[in-house]
Amino acid sequence: MTGPNPVDRGKKGSQLHVLSDAQGVPLAVAVSGANMHDSIGLKPLILGSPAVRSRRGPRRRRPVKLRAVKAYFSAEHLAWLRERGLVARIARPGIESGERLGRHRWKIERSIAWLFGYRRLTVRYERKGSHFLAFLGLAAALTCYKKLAKLAT
C-alpha cells in the first residue's frame, strides 16, 4: 500500500481515502499507494460502507448522494454509481468549478484531521499496509465513538 510519491521526490508514501456521512463521521476508510490515481479507491469505499439508518421515513441501506472531488469523475464510475442508486455530485473536469463542493469538502478534510489527530497515524511507522489499515480502522472507530458519546450527553 505504498508507492513513489509524485510530489515528494519519489519517496514511498500512501494516501488516504475516506467516506463520511453529512456530519463528517467516517463510515469507511481505505489506503492506497501515493502513485495510484484517486479514482481507484472509489469502488472499495462504496462497497465497504455500512448500512444507513434514518430516524424518519423509510429505512434505506445505502447513502443516497455522493459528493466527491474531480479525480473521481469518469463515465464508468458514474454508470456504476447509478446502478447502485447513488446520485453523484462530482464536478466535471474542465467544465465546472470545484468551488461549489468546498462547502461539503471541508467535512471530509475535518474527518481526515480527526484521524490524523492520533499520533500513530501522523507518520506511517508500519511496514505492512494491513497494520496501518488496522490502526486507521481503530482511529475511525474511536472517532465514531466520541461523536456518539457527545450526542448521548
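## The overall pattern

Read along the sequence, this protein follows the pattern β-β-β-α-β-α-β-α-α-α, with five helices and five strands. Helices (H or I, at least four residues) and strands (E, at least two) are DSSP runs, numbered from the N terminus.

The model is predicted: local features need pLDDT of at least 70 and side-chain atom pairs count only at pLDDT 80 or more, while totals for chains, interfaces and linings use all residues. Residues are numbered from 1 along each chain as its sequence is written, and side-chain values use heavy atoms, leaving out hydrogens and water.

## A sheet with a helix across it

Let's start with the sheet. Strands E1, E2 and E3 form an open sheet in that order, with antiparallel pairing; two strands pair if DSSP finds at least two bridges between them. E1 (3–4) and E3 are the edge strands, each pairing on one side only. E2 (residues 12–20) is joined to E3 by seven bridges, and Val18 stands opposite Val29 in E3.

## Two nonpolar cores

A nonpolar core is a set of buried Ala, Val, Leu, Ile, Met, Phe, Trp, Tyr and Cys residues joined through side-chain atoms within 4.5 Å. Buried means under 20% relative accessible area (1.4 Å probe, protein chains only). By that rule, 31% of the 153 residues are buried.

Which residues touch the most other members of the largest core? Among its 14 residues, they are Leu19, Leu42, Ile46, Leu66 and Leu81. Strand E3 (26–33), helix H1 (42–47), strand E4 (65–68) and helix H2 (75–83) each give two or more residues to this core. Apart from it lies another core of eleven residues, including Val18, Ile108, Leu121 and Leu136.

Methods:
Buried < 20%, exposed > 50% of the residue type's maximum accessible area, 1.4 Å probe, protein only.
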